[in-house]
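Student: I am new to this structure and would like a close look at its aromatic rings. Please take me through them step by step.

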Amino acid sequence: MDIKDINKRISVSPQITAADVKAIADAGFRAIICNRPDGEGADQPTFEEIDTAAKAAGLETLYLPIVSGKVEDADAAKFGDALDALPGPVLAYCRTGTRSATLWSLSQAKSLPVSDILAATKSAGYDMGGVVRRIANGGKTPTDNTDASFDVVIVGGGAGGIAVASSLKARKPNLDIAVIDPADIHYYQPGWTMVGAGVFHPQETAKTMGSLIPKGVHWIKSAVAAFEPKDNAVILDGCRVVGYKRLIVAPGIKLDWNRIEGLVDTLGKNGVTSNYRYDLAPYTWKLVQELKEGKALFTQPPMPIKCAGAPQKAMYLSGDHWFKNGALKNIDIQFMNAGGVLFGVKDYVPALEKYVEKYDASLNFFHNLISIDGPAKKATFAVAKPDTEATTVTVDFDMIHVVPPQVAPDFIRVSPLADAAGWVDVDQATLRHKTYDNIWSLGDVMNAPNAKTAAAARVQAPVVAENVCADIDGKSAVAQYNGYGSCPLTVERGKIVLAEFGYGGALLPSFPKWINDGTKPSKLAWWLKETALPPIYWKAMLRGREWMIKPEKVTAK
């Protein structure tokens, strides 16, 4: 007997025997549903045998036999009705458990998001990819196969998606391209650190999505529900189906605010803020200006996160303001980092440590924020130092800048495109999917071991564009990504440590050392961040103008 829990209400299993029923009752189940027709296998007990044993054990039963591979819409509706009527928890079984898992998935299609259904069945060991269109269609068999089809479909209208669309159009103007994204607004997220320091106005970091979609590219304003890579199809909410010859996946990353208990209820008040959200960055600046004394916490969750330097950027810029207005001596700055180092590339650490000393900030490594009580102004951290027993610690605060845990979007994590950790599984050089050779990915969602920054996406876009075009022309990959990422560490207002690095922490500076030494704070780097990079983002990167980012060529082996 191999029982797999889908949720607290329903579990499924392969064929059970009458001898298993007592153990099923002892495990707390109150009802059994049989989804396997009698006589399907030579060694199969009849439902009557199971029913007799179940009655003796005080369990209710239901016989809802389904022929293998023929789960009808009406069957799923009956299964859903049975779940509502029977006392729970319920165990459903068939030959392998797949039919029962399928019936549950379809029966819940109108009440649960597709990603939640796929996640629940995947965790139980069942792949619902074969019925994903039906799930997306509210549990009913769709009548249409494909609503539209394109040469290239790009999932995501963020930095990576728009940039690669523009780069493809620049190379092959006649390509029929669609970008799928439900958002009305496109944000320049690297600017939010500056909003939180009073340098940028929030409206400078936002433009309408429609104004940025490249000319000649279709914009499908919808959310993606699931992927069918074997059929070259993307399933949208509402079960519309978009076909493709080649697919590029760039939906970005999910900020998992709910993973920290109590956080959502207190964001934007009680001194709780985050530069990782457009509407909260101005609150950061308000808190920094108002704080004259007390304790200021700055948190960093476990990796990976987008712009790994952003948590401490907020700390440095806040500290700089307090240093200049004379309040710093009355403010206790605490950096609460779930990781074990200040910055992942050691060459930049000495310069950062000098600013940690300047702002008299305390570094608390292996401290991961797990809950927050806004009204009481208390934050609780899980502390897991190496070779030390794990514990928790609760810290008072007057202001706390929170960086939320970050994961791949739900519809990616449960898809056939994802690796075991939930990220799109690509070759780190060509950015081509390791299993499906007509799929590529870029930006925060893919699993190459690089920093998740807009600067990284800027370099990845032409690599993907070159390789997609080569594939269209019947050629092998011609461009490779070296892991480049850039993190302008705003250590004070007017100076930045411009960290630029690739795979393995290799330094990849854009300028000669005599122009800008990236390991030291410089005014030039601040000018780049404040003045040059925003127009480069809006007018170059998103328009397919690939300044200073010529892709590296694939070298023959």
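Tutor: What follows describes ring pairs, then charges over rings, and then a pocket. This is a predicted model, in which local features need pLDDT of at least 70, side-chain atom pairs count only at pLDDT 80 or more, and totals for chains, interfaces and linings use all residues. Residues are numbered from 1 along each chain as its sequence is written, and side-chain values use heavy atoms, with hydrogens and water left out.

A pair of aromatic rings is described by the distance of the centres and the angle of the planes. Rings of Phe, Tyr and Trp (its six-membered ring) pair if their centres lie within 6.5 Å; planes under 30 degrees apart count as stacked, over 60 as edge-to-face and the rest as tilted. Across the whole structure, the search finds 14 aromatic pairs. One of them joins Tyr187 and Tyr278, with 4.9 Å from centre to centre and 40° between the planes, and is tilted. Tyr187 belongs to strand E8 (residues 185–187), while Tyr278 is in the loop between strand E15 (272–273) and helix H11 (281–290), so this pair ties together parts that are 91 residues apart in sequence. Helices (H or I, at least four residues) and strands (E, at least two) are DSSP runs, numbered from the N terminus.

Next comes accessibility: buried means under 20% relative accessible area, exposed over 50%, and partly exposed in between (1.4 Å probe, protein chains only). With a relative accessible area of 29%, Tyr187 is partly exposed; Tyr278, at 26%, is also partly exposed. In the pair of Phe343 and Tyr348, the ring centres are 6.1 Å apart and the planes lie at 85°, so the pair is edge-to-face. Both Phe343 and Tyr348 are buried. Ring pairs also link Tyr187, Tyr278 and Trp192 into a cluster.

Some rings have a charge over them, which requires NZ of Lys or CZ of Arg within 6 Å of the ring centre and within 35 degrees of the ring normal. Over the face of Phe323 lies Lys358, at 4.6 Å from the ring centre. Trp423 has the charged end of Lys452 over its ring, 4.4 Å from the centre.

Last, the pocket. On a 1 Å grid over the protein atoms alone, a pocket is an open set of points where a 1.4 Å probe fits, with protein on both sides within 12 Å along at least five of seven lines; lining residues have an atom within 4 Å of a point. The second largest pocket is lined by 34 residues, and Met303, Ala308, Gly344, Asn450 and Ala451 lie nearest its centre.
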